[in-house]
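Visitor: Could you pick one part of this model and take me through it closely? I'd like to see how it connects to what surrounds it.

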Amino acid sequence: MKLFLILASFLLACGERFDEPIMILTQPSSSPAQKYSFLSLGDSYTIGESASEYERWSVQLADMLRRDSVSLSNPDIIARTGWTTAELQDAIKASGNQKTYDLVSLLIGVNNQYRGQSTDRYRTEFRGLLETSIRFAGGRPNRVFVLSIPDWGQSPFAKNRDAKQIAAEIDTFNAIAQDECLKANIAFVNITPITRKAAGNTAQFASDGLHYSGRQMQQWAEAALPVAKKLLAQ
């Protein structure tokens, strides 16, 4: 039986850390066994803060792939709102997860940007997470993909913030992530333009005004769909 590895979550804006146990959520016992396994790593955007379990982008992606005749399980998830690259790496180690997966996704970096951490630090720590992702994928970089950082500067939460500055910083962090993916032969899915198109559309955001709705995350899953399908076919 597949497991979700989820830690309790709080808003990105808090910047707080809590030492809480991992909550294990199992799939229904009636769920049929699937051929391929899936691990999704990240922060609030991976757990779908303020959205339902079924609206998470990686859960939607798994469902899309099954409808497309790809036998993929719902993802195990190691993620929490507020995590930076370093905090995600620490949590992965603390989880004790020694499994290997057929598909691994990574979406991380918004909290590095939000907290004003250096791009050099992000590059180093992101590279380390790529290496960790490859290990989870059984040493296969061609079974790992990365999603770009959404632009939270377009959210209702950020209405009194400098949207241009946030966008410029997000672009810088994403350029680093894309460059490191290129070096490691890892697929990079650019969802940032999709998140920018959500500006002014409340249906694209969760009730907290900062995170995204299932409708918006569906578009991320749709963008990742052909990439994931290609990786699993290799």
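Guide: Let's take strand β3, which is mostly covered: 5 of its 5 residues are buried (under 20% relative accessible area with a 1.4 Å probe, protein chains only; exposed is over 50%, partly exposed in between). Before going on, bear in mind that this is a predicted model, where local features need pLDDT of at least 70 and side-chain atom pairs count only at pLDDT 80 or more, while totals for chains, interfaces and linings use all residues. Residues are numbered from 1 along each chain as its sequence is written, and side-chain values use heavy atoms, with hydrogens and water left out. Helices (H or I, at least four residues) and strands (E, at least two) are DSSP runs, numbered from the N terminus.

Back to β3, where both faces are covered. On one side sit Phe38, Ser40 and Gly42, on the other Leu39 and Leu41, and all of them are buried.

Zoom out and you get an open sheet of 5 strands, paired in parallel, in the order β4-β3-β5-β6-β7 (two strands pair if DSSP finds at least two bridges between them). β4 and β7 (187–189) are at the edges with a single partner strand each, so one side of each has no neighbour in the sheet. On average, neighbouring strands are turned by 20° against each other, direction ignored.

Over at the β7 end, helix α6 (residues 163–184) lies across β6 (144–147) and β7, at about 155° to β7; axes are lines fitted to C-alpha atoms, for helices over the stretch in contact, and angles run from 0 to 180 degrees between N-to-C directions. Helix α5 (residues 119–136) packs on α6 at about 40°, with the axes 10 Å apart. Contact, meaning heavy atoms within 4.5 Å, involves residues of α5 including Tyr122, Phe126 and Leu130, and residues of α6 including Phe173, Ile176 and Ala177. The residues of this contact split into 8 nonpolar, 2 polar and 5 charged (Ala, Val, Leu, Ile, Met, Phe, Trp, Tyr, Cys and Pro are nonpolar; Asp, Glu, Lys and Arg charged; the others, Gly among them, polar).

Finally, two loop residues worth a click. Ser50 sits between α1 (44–47) and α2 (57–67), and its phi is positive, about 70°, although Ser50 is not a glycine; at 36% relative accessibility, Ser50 is partly exposed. Ser69, in the loop between α2 and β4 (76–79), also has a positive phi, near 70°. Ser69 is exposed, at 71% relative accessible area.
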